[in-house]
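User: I would like to go through this model with you, one region at a time. Please keep the answers plain.

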Amino acid sequence: VEIAQEAADALAKDGVKARVVSMPCWELFAAQPASYRDQVLPPAVRARVVIEAGVRQGWERWVGEGGYVTLERFGASAPYQALAEHFGFTPRAVAERVKAHV
């Protein structure tokens, strides 16, 4: 969530409105009334980007054809800061992906 919030702050400085939604459990979110889910993820908002330090699989239900910052491979080993930079899990890289998607 920290990376997403920092990316949203950077986007705001560039005049891009962004909202951060944390969804730690798809099942609990899906169990909520549709009115609540629509409040959190308004249907009219189609520019959605997922940040997941794991696979993309499953996020399509909530994001549709949105943008994805995900990790689709396994096996890298290095300090976490180096891996975050390499795989694009930094506020700057996420902000750039969002701009490309919007």
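User: Leaving aside its neighbours within four places in sequence, which residues is Trp59 in contact with?
Analyst: This is a predicted model. Beyond its neighbours within four places in sequence, Trp59 is in contact with Met23, Trp26, Val50, Glu52, Gly64 and Tyr68.

User: Where does Trp59 lie?
Analyst: Trp59 lies in the loop that links strand 1 and helix 4 (60-63).

User: Is Trp59 buried or exposed?
Analyst: Trp59 counts as buried because its relative accessibility is 10%, and the cut-off for buried is under 20%.

User: How far apart are Trp59 and Trp26 in space?
Analyst: Their C-alpha atoms are 8.9 Å apart, while 33 residues separate Trp59 and Trp26 in sequence.

User: Glu52 was among those contacts. Where does Glu52 lie, and what is Glu52 in contact with?
Analyst: Glu52 belongs to strand 1. Apart from neighbours within four places in sequence, Glu52 has contacts with Trp59, Val69, Thr70, Leu71 and Phe89.

User: What is the relative accessible area of Glu52?
Analyst: The value for Glu52 is 27%, so Glu52 is partly exposed.

User: Now the strands. How many bridges join strand 1 to strand 2, and do they run parallel or antiparallel?
Analyst: Strand 1 (residues 49-52) and strand 2 are joined by four bridges, and the two strands run parallel. One of the pairings is that of Val50 with Tyr68 of strand 2. Val50 and Tyr68 are also both among the contacts of Trp59.

User: Which residues of strand 2 are on each side, and are they buried or exposed?
Analyst: Strand 2 (residues 67-70) has Gly67 and Val69 on one side and Tyr68 and Thr70 on the other. These residues are all buried, and both faces of the strand are covered.

User: Changing topic to the helices: at what angle do the axes of helix 1 and helix 6 cross?
Analyst: The axes of helix 1 (residues 2-13) and helix 6 (residues 91-101) cross at roughly 60° and come within 8 Å of each other. Helix 1 and helix 6 are therefore oblique to each other. The crossing of helix 1 past helix 6 is right-handed.

User: Which residues make that contact?
Analyst: From helix 1 the contact uses Ile3, Glu6, Ala7, Ala10 and Leu11, and from helix 6 it uses Pro91, Val94, Ala95, Val98 and Lys99. In this contact between helix 1 and helix 6, eight residues are nonpolar, none is polar and two are charged.

User: Which residues of helix 6 are buried, and what covers them?
Analyst: Ala93, Val94, Ala95 and Val98 of helix 6 are buried. The cover over the buried residues of helix 6 includes helix 1, strand 1 and strand 2.

User: Last one: where is Glu85 found, and what is Glu85 in contact with?
Analyst: Glu85 is found in helix 5 (residues 80-87). With neighbours within four places in sequence left aside, Glu85 is in contact with Thr90 and Arg92. Glu85 is partly exposed, with a relative accessible area of 44%.

Key
Residues numbered from 1 in each chain as written. Predicted model: local features only at pLDDT ≥ 70, side-chain atom pairs only at ≥ 80, totals over all residues. Heavy atoms only, no water. Buried < 20%, exposed > 50% of the residue type's maximum accessible area, 1.4 Å probe, protein only. Pairing = 2+ DSSP bridges. Axes fitted to C-alpha atoms, helices over the stretch in contact; angles between N-to-C directions. Parallel < 35°, antiparallel > 145°, perpendicular 65-115°, else oblique. Left-handed = near helix turned anticlockwise from the far one by under 90°. Contact = heavy atoms within 4.5 Å. Nonpolar A, V, L, I, M, F, W, Y, C, P; charged D, E, K, R; others polar.
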